[in-house]
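User: I'm new to reading protein models. Could you walk me through one, feature by feature?

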Amino acid sequence: MKNTRTLIQETTKGIIERNPIFVLCLGLCPVLAVSNLVENAVYMGAAFTFVMFFSNITVSMVRKIIPEKVRIPCYIVIIASFVTVAGLLMQWFIPGVYKKMSLFINLIVVNCIVLGRAEFFASKNNVVRSAADAVGMGIGFTGALFIIAVIREISGFGTFYGIKITPEAFKPITSMILAPGAFLTIGFLIALFNYIKLKKGNISE
Amino acid sequence: MLRDKHLTVTVSPHIKTDLTTEKMMWTVITVLLPVAAAGVYFFGIHAGLVILVSIISAVLAESLCLKIMRRGTAVTDGSAFLTGLLLSLCLPPEIPLWMAALGSFFAIAVGKQAFGGLGYNIFNPALAGRAFLMLSFAKEMTTWKTLTRFPDSITAATPLNLLKEQGTDALMTVYGSMPHLYKKLFLGNVGGSIGETSAVLLLIGGCFLIARGIITWHIPVSYLATVAVISVFTGGISNVLFQLLAGGLMLGAFFMATDLVTTPITKSGQIIFGIGCGLITMLIRVRGGYPEGVCYSILLLNAVTPLIERFTKTRIFGTQKQ
């Protein structure tokens, strides 16, 4: 199948049409874990996009010299290197945040979106396209995480980015910041996504 | 073409009942009205408002969902009304009204309609709503109103709470003698959720439903019997009556665990279901962190209902054994 997308389309497809969370339903574990605070979501999204971008480019560059049989370990090594870089950078600039989130940052190594893009896209496309794809996926992931986190933080803590915004009479709904709240929010957002797609009548591919 | 009117040929089913979903729902609601009335009588006007708000919220949520999802069923079948009523009956009387409304909305929108509507939900919607509220507002859901209506009223936590936190001696000091406590539990003049206080009204209602054939005896009897047997082992004979009458057991056994959608259809499956509920209820009451386990026990057994049904499937006669 010949890829007929323009570079712009290659980027934007990750935002709505192939949104990694709402459409592909990949990488849900970090989403469940860090989406209870907008702040966490923003940093997680940034770290994810960083790793996604560089690992996609690198995989695309070396795609022709990686033997077919050991490609997955190779991808993992590449991804793990960039996760380490991201972790060290965060430790340098924002040590407080890193302390809180180090576990989930490190787990990006086995994030199925990053690995999935390496396997399905970067290993078959050139560097420029892979970079465009990574940017789109990064925006799609961060955006989705941000939406989920906004809903969960406002309803579960009554705050937005740590600032209280709900009136005193509102009692935060504690279950929204626990795991059930994450599942419910993601479920309903996926339903909303599907509904909109159905309305527009363009379920692509 | 058959013209003889004495020889009509129709497709099955040939035996029909006049017991429709609608009729069943409204009968259960009618039976629960005295229970609700008793709740208002014992706890005051706020309890009545809680009941009202949660029914209205459930019906609104149902009609909204039916409209959005374009479902064929009508809101007048009473199922949403019943869910709202059942939910309010297992809420504490002093809960803020908006929480009751939220719980009721959750019960219908998430507990029922998100799974496919009436007949498709895995969990009892009212209990799903209660579990959601319990998880969200732990403090409000365990603040029990002090009964101030009667001179000999008790201003304390529910009997099960007392037993859990302070032991039997505290229970005796607050309620006086055992017979005195039984009388209170039986009639309903005791702290607790709106609809779980009066055991006698729930028993009458439950028996009426069994007599009318709306529910069968299998689940309530096996449920209550299991609780009774275990309570003998955990606290002696004198413990039995207390464990049976206290908390939400009567409400749960007769009205929640007998929900037609979320419980097994086979008779033997229903007995397994009842025993399982009884085991988990007593496990939570005796060993768990919560004073009462009726809600979670029924929800857990709801989850394994498809499994129970698979194991208790009736044999089809006239076929070869596989």
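User: Let's start with one residue. Which residues does G274(B) touch, not counting residues up to four places away in sequence?

Analyst: Two ground rules before that: this is a predicted model, where local features need pLDDT of at least 70, side-chain atom pairs count only at pLDDT 80 or more, and totals for chains, interfaces and linings use all residues. Residues are numbered from 1 along each chain as its sequence is written, while chains are lettered from A and ligands numbered from 1 in the order in which they are written. Now, two residues are in contact if their C-beta atoms, placed from the backbone, lie within 7 Å. By that rule G274(B) touches H218(B), I219(B), V221(B), S222(B), Y223(B), T226(B) and A257(B), leaving out residues up to four places away in sequence. Take Y223(B): 51 residues separate it from G274(B) in sequence, yet their C-alpha atoms are 4.1 Å apart.

User: Is G274(B) buried or exposed?

Analyst: You count other C-beta atoms within 10 Å of the residue's own, again placed from the backbone: 20 or more is buried, 12 or fewer is exposed, and in between is partly exposed. G274(B) has 27 C-beta neighbours inside 10 Å, so it counts as buried.

User: And where is W26(B) placed?

Analyst: You'll find W26(B) in helix 1 of chain B. Helices here are DSSP runs of H or I with at least four residues (strands are E runs of at least two), numbered from the N terminus. W26(B) is partly exposed because 16 other C-beta atoms lie within 10 Å. Its C-alpha is 15 Å from that of M256(B), a residue 230 places away in sequence.

User: G274(B) is in helix 13 of chain B. At what angle do helix 10 and helix 13 of chain B pack?

Analyst: Two packed helices are described by the angle between their axes and the distance between the axes. The axes are lines fitted to C-alpha atoms, for helices over the stretch in contact, and angles run from 0 to 180 degrees between N-to-C directions. Helix 10 (residues 218–235) and helix 13 (residues 267–287) of chain B pack at about 35 degrees, with axes 7 Å apart. The helix 10 side of the contact includes Y223(B) and T226(B), and the helix 13 side includes G274(B) and C277(B). By class there are 12 nonpolar, nine polar and one charged residues in the contact of helix 10 with helix 13 of chain B. Here Ala, Val, Leu, Ile, Met, Phe, Trp, Tyr, Cys and Pro count as nonpolar, Asp, Glu, Lys and Arg as charged, and the others, Gly among them, as polar.

User: What about helix 10 and helix 11 of chain B: how do their axes cross?

Analyst: The axes of helix 10 and helix 11 (residues 237–245) of chain B cross at roughly 140 degrees and come within 7 Å. That makes helix 10 of chain B oblique to helix 11 of chain B. Under 35 degrees is roughly parallel, over 145 roughly antiparallel, 65 to 115 roughly perpendicular, and the rest oblique. The contact of helix 10 with helix 11 of chain B has seven nonpolar, five polar and no charged residues.

User: Which residues make the contact of helix 3 and helix 5 of chain B?

Analyst: First the geometry: the axes of helix 3 (residues 79–89) and helix 5 (residues 125–136) of chain B cross at roughly 40 degrees and come within 8 Å. Helix 3 and helix 5 of chain B are therefore oblique to each other. Helix 3 brings T83(B), L86(B) and L87(B), and helix 5 brings P125(B), A126(B), G129(B) and R130(B).

User: How many residues does the largest nonpolar core have?

Analyst: A nonpolar core is a set of buried Ala, Val, Leu, Ile, Met, Phe, Trp, Tyr and Cys residues joined through C-beta atoms within 7 Å. The largest has 90 residues, and L85(B), L86(B), L89(B), L127(B) and I298(B) have the most contacts inside it. Helix 1 (residues 21–43) of chain B gives the most to this core, 10 residues. Another core lies apart from it, with 42 residues, including A118(A) and A149(A).

User: Over in chain A, where is N36(A) placed?

Analyst: N36(A) is in the loop between helix 2 and helix 3 (38–61) of chain A. N36(A) is buried, because 21 other C-beta atoms lie within 10 Å. Beyond four places in sequence, N36(A) touches A149(A), R152(A), E153(A), G156(A) and I177(A).

User: And what is the phi of C25(A)?

Analyst: Positive, about 55 degrees, although C25(A) is not a glycine. C25(A) is in the loop between helix 1 (7–12) and helix 2 (28–34) of chain A. With 13 other C-beta atoms within 10 Å, C25(A) is partly exposed.
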